[in-house]
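Here's a quick briefing on a protein chain you can look at for yourself. Keep the picture open while you read.

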Amino acid sequence: MTVDPDLFRAIALDDLTMPGGWCVSRGQTYLYTPEEQRLMHEARAFAQREILPKAAGAQRAVREIKARHDGAERRARLREIAQAYLRMLAEAGLTGALFPEAYGGNGRGVVAECIIDEELAAAGHPGDTIRSVSLTLGTISILRYGTEAQKKRHIPRRLAGEELAALAITEPQIGSDTSRMQTRAVLKGDRWVITGQKRFITGGGLADYLTLFAITETGLHPHRGMSCFIVPMDHPGVRVRRQLDEVIMADWMDNALIELDEVDIPKENLLGPLHGGYQVLMDELDTERVTYCMASLGEARRALEIAAEYSTKRIQFKQPIAMFEGVSFRLAGMYASLDAARQVTYRTAKMIEAGLPAQRESAVTKLFVAEAVWKIVDDAMQVLGGIGYTTDFPVQAIFRNARLMRIGAGSDEIMKFLIARELLREIKG
Ligand SMILES: Cc1cc2nc3c(=O)[nH]c(=O)nc-3n(C[C@H](O)[C@H](O)[C@H](O)COP(=O)(O)OP(=O)(O)OC[C@H]3O[C@@H](n4cnc5c(N)ncnc54)[C@H](O)[C@@H]3O)c2cc1C
């Protein structure tokens, strides 16, 4: 008797044929201006056509480079992947939404950036993390606080993918409590001398420059004695001590522990006002939090779409599992959370775009979205069952990223702390 080979064939990712983005509700697009709607369709078409088919291959290449190479060779090869990705986006006009034309951008704004973030993240290219740290986290402060010379020197090159940047706040001894920052910068003549360590720096091992925070005045409360600097990574005294991405996750592109040993940089590398670094940091974090939320929602959307389509194809107990209410209600809950989380992110993006103070709203958004994304992706894995836990499907990678969202860029608890502080401040008046 010959056994029908189809009996042994599990559903593969390739069997899911729905185009990405099918589950975005009309309610969301209704909120967008016609121009933003156009951008959403263009960015989605580009991401699905040009990026999605290359993402898995790029992921494999990253893993192979990290397994086979270290030092300068590893840096050069990983940079090549990140820069090729950025160049492709630059050519498609997808890197400059947060930046005016004068510096090589297109000035479309924060909402536009969020729309692009969602679509690119949904395509799952490993270079996308480097895109967001280099173009948003590491560069937005230059736009807001930099001198004309700093803006002209760095922004156009970064938008074109020629120069990479990373953001350096966290240290081995400090994470949530930035007021205890240990890295010091001392002015000696016309040069700043910086000493300290920065941990968990995404893209730090690939970057050309760090946007780095250090204490410049020890006599004051650290929030009044912190400053921001542009630090070249190839400067004597700057050293990547450890590549943390091996520990963090195999397909994470780059995360570094960086040591700064008496790094003396010109006085002009101060970014923003002397001792005014805390404000620079808070402004950067508000934007980072909304763009991070939208990218995470893009990944969660992909997980939901995969789970929903899979549930219509996977047969158990003689019917597609989508027919069981236990599965379809789970999908409904995931969809409702995704929809609501996108609305709150959009609201905060609009506030930042309008130049309104949005610290509380960014914290609310980050807290709500991080919890929503975590639950959506966890549910997606449940719908997929065992296959969701394997590398045959991207949901396990999205799952790990979703967990990070509840820690990175300020943990859930720190978001609650910020919200409660502002809430109670209002009672006190
Ligand atoms: C993969 C990855 C990438 C990262 N990328 C970057 C980067 O590019 N640049 C950068 O500067 N940093 C980066 N970080 C660091 C990240 O922002 C920190 O990990 C985060 O801010 C938390 O700090 P911590 O890990 O030191 O935890 P801790 O601050 O030690 O906190 C440990 C626990 O205590 C809780 N806690 C702390 N204080 C309070 C409080 N007051 N009330 C209640 N609970 C509290 C926290 O919520 C957390 O649950 C990255 C981290 C990771 C893991």
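Let's start with a pair of strands: β2, covering residues 184–188, and β3, covering residues 191–202, pair up in the antiparallel sense, with five bridges between them. Keep in mind that this is a predicted model.

**The hairpin**
- β2 and β3 make a hairpin, and two residues sit between them.
- Gly189 is in that turn, and its phi is positive, at about 65°.
- Which residue of β3 stands opposite Lys188? It's Arg191.

**β3's other partner**
- β3 is also joined to β7, which covers residues 255–266.
- Nine bridges link β3 and β7, and the two run antiparallel.
- Along this pairing, Thr202 stands opposite Asn255 in β7.
- While you trace these strands, here's a handy rule: in a regular strand, side chains alternate between the two faces of the sheet.

**The whole chain**
- Zooming out, you can count 13 helices and ten strands in the chain.
- Why does the chain's radius of gyration agree with that of a compact globule? A compact globule of 429 residues would come out near 22 Å, and the chain has 22 Å, so the two agree.

**Inside the fold**
- Buried residues account for 47% of the 429 in the chain.
- Take the contacts between residues at least 6 apart in sequence: 74% of them join residues at least 24 apart.

Definitions and conventions: Residues numbered from 1 in each chain as written. Predicted model: local features only at pLDDT ≥ 70, side-chain atom pairs only at ≥ 80, totals over all residues. Helix = DSSP H or I, 4+ residues; strand = E, 2+ residues; numbered from the N terminus. Rg over C-alpha atoms; globule rule 2.2 N^0.38 Å. Buried ≥ 20, exposed ≤ 12 C-beta atoms within 10 Å, placed from the backbone. Contact = placed C-beta atoms within 7 Å. Pairing = 2+ DSSP bridges.
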